[in-house]
Amino acid sequence: MIRRLSYYDTFDWRLFNQSLLLFSLHNSLGLRNIGDEQILFSLNFKKVPQFIWDFPETELKRHLKPFIKMRRLIKLVDLTSHTVPYRVLNADEKTVVWLSFETIRSRSRSNPFTIGTQIWIMPVKGYDKHSAKVKKHIQRLGFMPSTNEDVYYQALYEAGLEPGGYSAKLNLNLKPEMHADEATRTIFRFLLKVIKVNEPQIKHDIDTEILHDYRVAVRRTRSALAWDKKIFDPNLISRFQKDLAFVGKLSNEMRDLDVY
């Protein structure tokens with residue numbers, strides 16, 4: 001059996017920050033906690049919803065709405081799960097254990113990778129002893145119980161993604177003993193990162209918050225430049241305030257359209 005597995009989140013990792021994992025498997029969309037295989041809510045679909053208002057009125061929508069809000073869901077990783085089932089029979093040729101050999105690979109042509117292979121042991125009711133024997137036998141063959149993290153982490157790592165790697169919220173490690181110039185540079189570096197992460201995404205028009213975060217970071221940088229004229233050279237401050245004002249104006253019309 002070959003099934004398509006994909007993981008979704010917003011650009012700023014809103015679901016990951018709530019320890020939630022949204023995934024599609026075949027034609028079903030599911031939500032679970034990271035590290036827990038139990039499905040909290042599920043939904044059959046013909047097309048994966050992009051915004052919360054695209055979801056039908058279900059428990060899944062009601063649970064996601066407070067976190068996603070206006071942001072668009074984007075596909076993080078696209079995988080293929082290839083599963084081969086096996087039956088373990090007793091002397092009477094009754095199925096006492098189901099085995100499933102699974103291989104998970106990426107579907108990306110530009111960045112192909114294999115996450116790994118694993119054997120799933122699925123006991124049959126009334127034959128618990130048989131599944132225990134099968135487990136011991138598989139271990140004697142050299143297979144070990146999985147100690148890996150959630151497949152989600154492995155998939156993101158292989159795809160070169162850092163879960164939770166972006167947030168526009170100011171979360172800085174500023175210390176009281178820092179000099180004013182050092183602290184201000186720390187703030188500027190963070191705001192510059194926000195600007196550079198969002199800038200190439202603006203043309204893709206993923207959602208309105210991409211441009212919003214970009215403009216807020218530009219405005220915050222301009223405001224920080226005006227804190228204290230004694231920290232940096234006044235001529236340097238004047239130059240960057242003018243440059244940042246120019247950059248901000250370039251996106252005025254686009255932001256007006258987003259608001260309208």
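Hi everyone, let's start with D213, which sits in helix α5; helices here are DSSP runs of H or I with at least four residues, numbered from the N terminus. This is a predicted model, where local features need pLDDT of at least 70, side-chain atom pairs count only at pLDDT 80 or more, and totals for chains, interfaces and linings use all residues. Residues are numbered from 1 along each chain as its sequence is written, and side-chain values use heavy atoms, with hydrogens and water left out.

So, is D213 buried or exposed? With 11% relative accessibility, D213 counts as buried (under 20% relative accessible area, with a 1.4 Å probe and protein chains only). Beyond neighbours within four places in sequence, D213 contacts R71, Y166, A168, V194 and N198, where contact means heavy atoms within 4.5 Å.

Now for the helix packing. Helix α4 (residues 180-202) packs on α5 (residues 208-225) at about 150 degrees, with the axes 8 Å apart. Axes are lines fitted to C-alpha atoms over the stretch in contact, and angles run from 0 to 180 degrees between N-to-C directions. That makes α4 and α5 roughly antiparallel (over 145 degrees). Among the residues making this contact are F188, V194 and N198 of α4, and D213, Y214 and R220 of α5. The contact divides into 12 nonpolar, 3 polar and 3 charged residues; Asp, Glu, Lys and Arg count as charged, Ala, Val, Leu, Ile, Met, Phe, Trp, Tyr, Cys and Pro as nonpolar, and the others as polar.

Turning to the other partner, α5 and helix α7 (residues 252-259) have axes that come within 10 Å and cross at roughly 135 degrees. Thanks, everyone!

Terms used: Helix = DSSP H or I, 4+ residues; strand = E, 2+ residues; numbered from the N terminus. Parallel < 35°, antiparallel > 145°, perpendicular 65-115°, else oblique. Buried < 20%, exposed > 50% of the residue type's maximum accessible area, 1.4 Å probe, protein only.
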